[in-house]
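Visitor: Let us go through this chain by question and answer. Where shall we begin?

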Amino acid sequence: MKVRFSRREALIGAGVAGLALGLPPLGRAETRMHRIPSSGEALPPVGLGTSRVFNSVSGETQRQALADVLEALFAGGTLVDTSPMYGNSEAHLGELLPLAAGHEAMFCATKVWTEGRAAGAKQMQESMDRMGLETIDLMQVHNLLDWKAHLRTMLDMQAAGQIRYLGITTSRAVQFDEFEAVMRAANWDFVQLNYSLGEREAEERLLPLAQELGMAVMVNRPFVRGGLFQAASGKELPEVAAELGCESPAQLFLKWILGHPAVTCVIPATSKAKHMVDNLGAALGPLPDAEQRQRIAAWI
């Protein structure tokens, strides 16, 4: 049976009923966990990106809406990804986290995005201060900027217990050749890159290399900034959606990404709690095998 489900209207029935009552929409006990290769630590595979959505907070209505997004996340996940590059996102996270039940379980990923070792050390400390954290779970060099200088500082902070995991990021396929070289140059715990049904270049070399080197993969731009929803507009979900328990295009797009054996987690950004609940649905039930992923790709 085919199901028609729009992004704006898609909600997980029981979850949204709970959300409307102020109850947790999902439970981590039901969430399928993935493992960080370098440590074996379990991590919920669907998190929250803050680019473009946590930078500007104007008024109490928007403030509460973003706090609701965080609370929805923490009912079924833990991972929040941010960066000094995202304007005031870190500061707003620091302000809003205490308002969200379950925030103590947050797995915080942020980035260093500057040149020079002294400037990098200062920026990383400022990130911790803005968010009110004594330890950052994952510190990443944003777009590889001055990565050699920052790696030395990150290793020192890791030894001091201020950072748990180290990583690098990109969101542009044009940087993939350089990214591959940097992956080989150090023992990174995580790599973050763009990968989706609309941007598949990482399949060629970076995802297989991450598997070979035992690096966790965090995926950004999973919806190509809404482009995939435009491509799916007006279409009925394919038969494979029911096989995988997907009730919306978002869940199908995210499960397609998570079905790649190299991928550890994905970080769609949203400013709406109902979309956060919907995204978390991709962490429930089975993931697609190779044949099912081909059928999903053919649908788009």
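Visitor: Which residue stands opposite Val191 in S8?
Guide: Start with the pairing of strand S7 (residues 163-169) and S8, which run parallel and are joined by 3 bridges. Two strands pair if DSSP finds at least two bridges between them. Strands (E, at least two residues) and helices (H or I, at least four) are DSSP runs, numbered from the N terminus. Opposite Val191 in S8 stands Ile168.

Visitor: What kind of model is this?
Guide: Residues are numbered from 1 along each chain as its sequence is written, and side-chain values use heavy atoms, with hydrogens and water left out. Local features need pLDDT of at least 70, side-chain atom pairs count only at pLDDT 80 or more, and totals for chains, interfaces and linings use all residues, for the model is predicted.

Visitor: Which residue of S8 is the bridge partner of Thr169?
Guide: S8 is mostly covered, with 5 of its 5 residues buried; buried means under 20% relative accessible area, exposed over 50%, partly exposed in between (1.4 Å probe, protein chains only). Phe190, Gln192 and Asn194 lie on one face, Val191 and Leu193 on the other, and all are buried. The bridge partner of Thr169 is one of these, Gln192.

Visitor: Which helix does the chain cross through from S7 to S8?
Guide: This β-α-β crossover is right-handed. That is, with the strands pointing away from the viewer, the path from the first strand over the helix to the second runs clockwise. The helix, residues 176-185, is H6.

Visitor: Which helix makes a β-α-β unit with S8 and S9?
Guide: S8 (residues 190-194) and S9 pair in the parallel sense, over 5 bridges. Phe190 has Ala216 of S9 as its bridge partner. The β-α-β unit is right-handed, and its helix, residues 206-213, is H7.

Visitor: Why is strand S9 largely enclosed by the rest of the structure?
Guide: Look at both faces of S9. Ala216, Met218 and Asn220 are buried on one side, Val217 and Val219 on the other. S9 (residues 216-220) is largely enclosed because the number of its 5 residues that are buried is 5.

Visitor: Which residue of S10 does Val219 stand opposite?
Guide: S9 also pairs with strand S10 (residues 265-266). The two run parallel and are joined by 2 bridges. In S10, Val219 stands opposite Val266.

Visitor: Which strands stand at the edges of the sheet?
Guide: The sheet is open, has 8 strands with parallel pairing, and runs in the order S3-S4-S5-S6-S7-S8-S9-S10. Each edge strand has a single partner strand, so one side of each is left without a neighbour in the sheet. The edge strands are S3 (48-49) and S10.

Visitor: What angle does the direction of helix H2 make with that of S4?
Guide: Helix H2 (residues 59-76) packs on the sheet, touching S3 and strand S4 (79-81). Contact means heavy atoms within 4.5 Å. Axes are lines fitted to C-alpha atoms, for helices over the stretch in contact, and angles run from 0 to 180 degrees between N-to-C directions. For H2 and S4 the angle is about 140 degrees.

Visitor: What angle does helix H5 make with S7?
Guide: H5 (residues 147-159) packs on the sheet too. It touches strand S5 (107-112), strand S6 (136-141) and S7. Its direction and that of S7 make about 165 degrees.

Visitor: Is Asn143 buried or exposed?
Guide: Asn143 lies in the loop between S6 and H5. Its phi is near 55 degrees, positive in a residue other than glycine. With a relative accessible area of 18%, Asn143 is buried.

Visitor: What is the relative accessibility of Asp146?
Guide: Asp146 sits in the loop between S6 and H5. It is not a glycine, yet its phi is positive, about 55 degrees. Asp146 counts as partly exposed, at 30%.

Visitor: What separates the C-alpha atoms of Glu115 and Leu145?
Guide: Glu115 is in the loop between S5 and helix H4 (117-131) and is exposed, at 59% relative accessible area. Beyond its neighbours within four places in sequence, Glu115 is in contact with Leu145 and Asp146. Glu115 and Leu145 are 30 residues apart along the chain, and their C-alpha atoms are separated by 6.8 Å.

Visitor: What is the radius of gyration of the chain?
Guide: The chain has 12 helices and 10 strands. It is as compact as a globular protein of its length, because the globule rule gives 19 Å for 300 residues, close to its own value. That rule is 2.2 Å times the number of residues to the power 0.38, and the radius is taken over C-alpha atoms. The radius of gyration of the chain is 18 Å.
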